[in-house]
Amino acid sequence: MHSFRASLKIFLASVAGCMFWACEGGSFTATLAGAKAGSGNLAIAEPEVFSQIPLDLRGCGCFFAHDSTSLARSQYIFVSDMESRALVKLNGAFQTLVKSQSRNINEFDVEEEYTSDSLHLLLKVSDKGNCGNNHSRKEGTLILYTPQGQSREITFLGHCGC
């Protein structure tokens, strides 16, 4: 019984820590080397994890990761400034995308499209409630498309806010 209580306390502390960290922003750096609007022919690969966020995307934003553990560690697969720009990392290079369209699905959920010269990204985002002042939990699907017709669908968890 004692080890069960100890295990339960550790588990609850971990969950509380994850909830706290899930609403924290990423680490910010100077302008990110390798960020570019397009990079020619791009084979769709799994979006790579990154933690360094460029200063020009600082402020209000959305930060999406594969899962809650990655989110707690600021290991993102997608970030946006909630206005017009987004960043993903594919095949070792950062891709800067521009929002081309946004549609409300209902009062809280949205679909957004982002594009670059070599990539089209559809983001389906569901709101899952507040997680602190001016932050909301999000989950959804990120679908990457190339001009050649390749696509890849990735589920994510994250948060948006100022």
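Me: Which cysteine forms a disulfide with C60, and how far apart are their sulfur atoms?
Reply: Happy to start there, keeping in mind that this is a predicted model. A disulfide is counted when two cysteine sulfur atoms lie within 2.5 Å. The partner of C60 is C162, and their sulfur atoms are apart by 1.8 Å.

Me: What is the handedness of the disulfide of C60 and C162?
Reply: The torsion about the S-S bond gives the answer. For C60 and C162 it is about 105 degrees, so this disulfide is right-handed.

Me: Where in the chain do C60 and C162 sit, and how many residues apart are they?
Reply: C60 belongs to the loop between strand 3 (52-54) and strand 4 (61-65). C162 is found in the segment after strand 11 (151-161). The pair therefore links distant parts of the chain, with a separation of 102 residues.

Me: Is C162 buried or exposed?
Reply: Exposed means over 50% relative accessible area, and buried means under 20%. C60 has 29%, which makes it partly exposed. C162 has a relative accessibility of 56%, so it counts as exposed.

Me: How many disulfides does the structure hold?
Reply: Besides the pair of C60 and C162, C62 and C160 form a disulfide, with sulfur atoms 2.0 Å apart. Here the angle about the S-S bond is 115 degrees, and the link is right-handed. C62 in strand 4 and C160 in strand 11 are 98 residues apart, again distant parts of the chain. The number of disulfides in the structure is two.

Me: Are C62 and C160 buried or exposed?
Reply: The cut-off to keep in mind is under 20% relative accessible area for a buried residue. C62 falls in that class, and C160 does too: both are buried.

Me: Is E111 buried or exposed?
Reply: E111 is part of strand 8 (residues 110-115). Leaving aside residues up to four places away in sequence, E111 touches Q101, S102, R103, I105, L122, L123 and K124. Its relative accessibility is 18%, so E111 counts as buried.

Note on methods
Residues are numbered from 1 along each chain as its sequence is written. This is a predicted model: local features need pLDDT of at least 70, side-chain atom pairs count only at pLDDT 80 or more; totals for chains, interfaces and linings use all residues. Side-chain values use heavy atoms; hydrogens and water are left out. Helices (H or I, at least four residues) and strands (E, at least two) are DSSP runs, numbered from the N terminus. Buried means under 20% relative accessible area, exposed over 50%, partly exposed in between (1.4 Å probe, protein chains only). Contact means heavy atoms within 4.5 Å.
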